[in-house]
Amino acid sequence: MAPEISVVVPTFNRAAVLAHALEALARQTLEAGRFEVIVVDDASTDETPALLRRFAEGRLPLQVLRLPANRGRGAARNAGIQTARGRYISFVDSDIVVGPEFLRWHLKTLAAHGGGVLSRGPVVLISDLRDLPAARAPRLAASPAYLDTANAMLPKAALQEAGLFDEGFPGYGWEDFELGVRLRRLGLRRVFCPQAVAFHIQPVADAALLPELLAREEERARSAVYFWRKHPTPQTRWLIQATPLHGAVYWLAALGGALDPARALQLARRLERRGRRGLAHVVVRGVLNLHYYRALTSALHRHAAALA
């Protein structure tokens, strides 16, 4: 008998956090026969294959797909969707930990609306699992992303009708936002499910990771331009944060540009030692957002000049 839900989890070299994500899925109160978990290993080179073998031997209804070469999150999710047996697809990223009622609440939301909606839940940022007891879902769970693959469930048929994820994005980010635009145009209604909370494990960055973090923001800017070229609308410009308002907010968050990334990481570490992890994330994210905005503005100018 086919399961009702297929949980699709793409991963690449995230063995440590993936273990927590899978342990949380193994604790679901929904009966095991009603869901399957499909982890798509995007050619990881760390301990991910060994970790997945251990979980496959346990009580988690796990199916593992391994791509022969790294193709990106969009391609990994597409492979999972195409393999899925469930009527509904639940998206959870490899650094997401969910509560034991997560799948049950999403399924209740879909059932209450005849199954033909996109169920979205809130995503709460935590530094590590020690923050879980105190973590709470925000009162306002709205998001500019119609589809956020950190926490969503929707009919597989809707994904197929929309054309799945665009695998042409040049780097990190925005592929779920872009698919969300197409799903919305198809008329798939989005319903928030506040009880289905996902906790995003995002440690305060180490200074050694600074070049990688800055490179990711530049990659995100390139993907944003690709998104804009596909959907050149005011809505897309707002989604990719390419407005003067976003620039002003990020400039202020970086103390008028005086707080550069290196100083931001030092300040964040001091805040973390004082137990102010939430504020530490705000500091780091502020300067990274400003770096992204500047890279995005430059990329958009280059694109406009090429069209002139």
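Predicted model: local features only at pLDDT ≥ 70, side-chain atom pairs only at ≥ 80, totals over all residues.
**Entry 1: strand β4**

I started at Tyr-88, which stands opposite Pro-155 in β8. Numbering runs from 1 along each chain as its sequence is written, and side-chain values use heavy atoms, with hydrogens and water left out.

β4 (residues 88-91) and β8 (residues 152-155) pair in the antiparallel sense over 4 bridges. With β1, β4 pairs in the parallel sense, also over 4 bridges. I found Phe-91 of β4 as the bridge partner of Val-8. (Strands are DSSP runs of E, at least two residues; helices are runs of H or I, at least four; both are numbered from the N terminus. Two strands pair if DSSP finds at least two bridges between them.)

Which way do the β4 residues point? Tyr-88 and Ser-90 go one way, Ile-89 and Phe-91 the other, and all are buried. Buried means under 20% relative accessible area, exposed over 50%, and partly exposed in between, with a 1.4 Å probe and protein chains only. I noted the general rule too: in a regular strand the side chains alternate between the two faces of the sheet.

**Entry 2: helix α2**

Which residues of α2 are buried? I got Thr-48, Leu-51, Leu-52 and Phe-55. They sit on the same side of α2 because they cover an arc of only 95° around the axis, taken from the directions from the helix axis to the C-beta atoms. Arg-53 and Arg-54 are exposed, on the face turned away from that buried side. The cover over the buried residues includes β1, α1, β2 and β3 (62-66).

**Entry 3: the cores**

Next I looked up the largest nonpolar core, which has 41 residues. Such a core is a set of buried Ala, Val, Leu, Ile, Met, Phe, Trp, Tyr and Cys residues joined through side-chain atoms within 4.5 Å. Ile-5, Val-7, Leu-22, Val-37 and Leu-60 have the most contacts inside this core. α1 gives the most to it, with 8 residues.

I checked Leu-22: leaving aside neighbours within four places in sequence, Leu-22 is in contact (heavy atoms within 4.5 Å) with Val-37, Val-39, Leu-52, Phe-55 and Leu-60. Apart from this core lies another, of 24 residues, including Leu-67 and Leu-188.

**Entry 4: the whole chain**

How many helices and strands are there? I counted 11 helices and 10 strands. Buried residues make up 52% of the 308 residues.
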